[in-house]
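This briefing sets out how one protein chain is packed.

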Amino acid sequence: MPRNTALLKHGLLVLLLIVVSACSDNESIRLEALSDDAVILAFGDSLTYGTGANHQTESYPAVLTQLSGKQVINAGIPGEVSQEGVARLDALLAKYQPDLVLLCHGGNDLIRKHDVDSLKHNLSIMIKKIRESGAEVVMLSVPKPGVFLKPAQLYQQVAIANGVLLENDIISDIESNNALKSDAIHPNAAGYQLLAEAVQTLLLRHGALN
């Protein structure tokens, strides 16, 4: 077998193992069932805030509140980068004492071409802070900017390294459909509805909701 062909096959095998490992690790994660008075903190940037729709009623945290029957705090700040998120997180954890945090961050880092390793580090710090507060964490991937929007690979890497449940596809799927967007980056009300439904499904599948 030619050396280049062997190397290609080896590379494809490694990639397949990574994908299978990521899927199996994600599926094996179970979350604590949320009590009736549980608090969910949605932490992130404009995708959490709800830019492109009525953020008070049509953002994904607002819709998830209606779907889940739980209190979902919208802690999204448009334009925030991950380093600012790290600095902001402690006060919110102390104020709301959430049972679960939905972490959707890093889109502005990617758009501004910040260092990927720094973003991975900041996400890992946020995960550590959340867990130290006593809350569980679910992370949402955002797409890498480009013509064909795919989830940035760094989110799977961070999720696997930290044993975190990850919703990897929904935001990229929404942002690949112009009918679900208000502009080049942000969903519209229909897009946020689908995002909330995907998070609801994930929480149901992994035991947080019933």
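Among contacts (heavy atoms within 4.5 Å) in the chain between residues at least 6 apart in sequence, 74% join residues at least 24 apart. This is a predicted model, in which local features need pLDDT of at least 70 and side-chain atom pairs count only at pLDDT 80 or more, while totals for chains, interfaces and linings use all residues. Residues are numbered from 1 along each chain as its sequence is written, and side-chain values use heavy atoms, with hydrogens and water left out.

**Overall composition**

- The chain has nine helices and seven strands; these are DSSP runs numbered from the N terminus, with helices being H or I of at least four residues and strands E of at least two.
- Of the 210 residues in the chain, 47% are buried, where buried means under 20% relative accessible area, exposed over 50% and partly exposed in between (1.4 Å probe, protein chains only).

**The largest nonpolar core**

- A nonpolar core is a set of buried Ala, Val, Leu, Ile, Met, Phe, Trp, Tyr and Cys residues joined through side-chain atoms within 4.5 Å.
- The largest such core holds 58 residues, of which Y60, L123, V138, M139, Y155 and L195 touch the most other members. Helix α9 (residues 189-205) gives the most to this core, with seven residues.
- Apart from its neighbours within four places in sequence, Y155 contacts H105, G106, G107, L110, L119, L123, M139, L140, S141, V142 and L166.

**Helices α3 and α9**

- The axes of α3 (residues 60-68) and α9 come within 8 Å and cross at roughly 50°; axes are lines fitted to C-alpha atoms, for helices over the stretch in contact, and angles run from 0 to 180 degrees between N-to-C directions.
- The two helices, α3 and α9, are therefore oblique to each other: angles under 35 degrees count as roughly parallel, over 145 as roughly antiparallel, 65 to 115 as roughly perpendicular and the rest as oblique.
- On the α3 side, Y60, V63, L64, L67 and S68 meet Y192, Q193, L195, A196, E197, V199 and Q200 of α9. By class, this contact has eight nonpolar, three polar and one charged residues; Ala, Val, Leu, Ile, Met, Phe, Trp, Tyr, Cys and Pro count as nonpolar, Asp, Glu, Lys and Arg as charged, and the others, Gly among them, as polar.
- Within α3, Y60, P61, A62, V63, L64 and S68 are buried. The elements covering the buried residues of α3 include β1 (39-44), β2 (71-76) and α9.

**Helices α6 and α7**

- The axes of α6 (residues 116-132) and α7 (residues 153-162) come within 10 Å and cross at roughly 40°. The contact is made by V116, L119, K120, L123, S124, I127 and R131 of α6 and L154, Y155, Q157, V158 and N162 of α7.
- The residues of the α6 contact with α7 comprise seven nonpolar, three polar and two charged.

**Individual residues**

- H206, in the segment after α9, is buried, with a relative accessible area of 1%. The C-alpha atoms of H206 and N26 are 9.4 Å apart, although 180 residues separate the two along the chain.
- Q97, in the loop between α4 (82-96) and β3, has a positive phi of about 45° although it is not a glycine. Q97 is exposed, with a relative accessible area of 62%.
- K113, in the loop between α5 (107-111) and α6, is another residue other than glycine with a positive phi, near 60°. K113 counts as exposed, at 74% relative accessibility.
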